[in-house]
Structure formats: structure tokens, C-alpha cells
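Have the model open as you read.

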Amino acid sequence: SLVIGETQIVGQLKDAFRFSQSKNFCAEHMSRVMHYAFKCAAQVRTATSLGTGSVSVASTAVAKAKELIGDTNGVKALVIGAGAMSELAIKHLIAAGFSVTLTSRDIKKAQILADSFLSESTKSQKVRVEVEPYSNLEDLLESIPVMITATSAPYPIITQENAPVSSISRYWFDIAVPRDIDENISMFDLEIYAVDDLQEIVNSNMTQRSAQAKEAYTIV
């Protein structure tokens, strides 16, 4: 991983170790080494804050949304686009407790992405991503408080002309490059965060992680 302190790596290593054990590929010494490695990783997480703080624009957008909303239980979040960034945003939104609605110009691709979250591992949690036709975009933007957009459009898809006013406080996160939201949009009770805003948070978190890494290496 290029990210210092990426906790998913420990999970991947544990999966690989279990697989190897099941095939009788691990002798006693290897097993001892792996157990010490997992114990060390746990100690690093306990003694440092290496695993905290968002380190991607998508995860930072969701973390900021959760900070602004507070209790996310039952709160809807809209994701526009059906690419890799949208998939990442949906994963973080679900983990943060949001109820996710997805829309895209490519409705088939959006449905395939939504269906991918109905895997065996998530069915027990009743995780379901709703898909809405792109023609309903204005209604969705008006009624849903949190929106993350990550399309590959070469021009802004949300402008002053098609951005609806609303009676609720809304938070829009534009993680697309180039921008999906026209930077000239200004409305009461609407806060817009672009990639540059979120990247500052990411960079700050990365700096903090670098400092924590020195302490982690001492533990290792």
C-alpha cells in the first residue's frame, strides 16, 4: 500500500495466512512469525493513531459529511456516477451509516454497481443501494441532504440553472476531476466541497501519519 498504516493490508495478510494454513503450506516457524506480526500490528494500532484520519478524497468526503450531519442513521446520501470513485464513496457511506441512493446517465452500469453491494457478506446487514433514473436528478438534489458526485463528464453537470433550491440544509461533495459542480453556484443552506478542499484534509492527515509511523517503527 502507498498509504502509511493502511489497516486493510493486515486483513489481506490474515486471509493469505488462513488460506496457506488450510493447504498445509505453513510450518511451525512460519506460524509463529505470523502470529507475532499480527500481535505487533495490534500493538501499533493501540499505541499510535496511525490508522485514524481519512487518506483518500472519497473517504474524506464521507468523514466530513458525517461530521456535519452527526447522527447518520436513516440519513440519505446521493451518489452520482457509477465508476471506481463512486464505488469507493458508496463503501464509505455504507460504513458510516448512510442510506445510499445512486444515479448515473448509464442506468445499467449503476444497477450493476448497486447489485454488487448485495453480496453474501452484506445481506445479513440488509445493505441495499437504491438506483434512481438520471432524469430525477433535480428532485434528488432537492430532497437528499448529502450528495457526492464523481462522474467522468468533461464539463459541470450541476449548474446554477439546474441546481434546485431546497428547504433543507444540504452538503455537496465534488470529487470529480474536472469538476462536476459549477464553482459559481451559491445558495442559502448549501455547502459545496471540491477536491481542493478535501485534498487539504488528506494532506494534513498524511503528515500526521508520517509522524506516527516513526513511533510505529520503534514498536516493530
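## Ground rules

Helices (H or I, at least four residues) and strands (E, at least two) are DSSP runs, numbered from the N terminus. This is a predicted model, where local features need pLDDT of at least 70, side-chain atom pairs count only at pLDDT 80 or more, and totals for chains, interfaces and linings use all residues. Residues are numbered from 1 along each chain as its sequence is written, and side-chain values use heavy atoms, with hydrogens and water left out.

## Helix α5

Start with α5, residues 107–115, where Ala110, Leu113 and Ala114 are buried (under 20% relative accessible area; exposed is over 50%, partly exposed in between, with a 1.4 Å probe and protein chains only). They sit on the same side of α5 because their arc around the axis is only 100 degrees, taken from the directions from the helix axis to the C-beta atoms.

What do the buried residues of α5 pack against? Their partners are α4 (84–95), β2 (99–103) and β3 (130–131), with contact meaning heavy atoms within 4.5 Å.

## Salt bridges

The count is five salt bridges (a side-chain nitrogen of Lys or Arg within 4 Å of a carboxyl oxygen of Asp or Glu). One of them joins Lys64 and Glu67, with the closest N and O atoms 3.4 Å apart. The two are three residues apart in helix α3 (residues 57–69), so about one helical turn separates them. Lys64 is buried at 19% relative accessibility, whereas Glu67 is exposed at 58%.

Arg179 also pairs with Asp174, at 3.9 Å from N to O. Here Arg179 is partly exposed at 29%, while Asp174 is buried at 0%.
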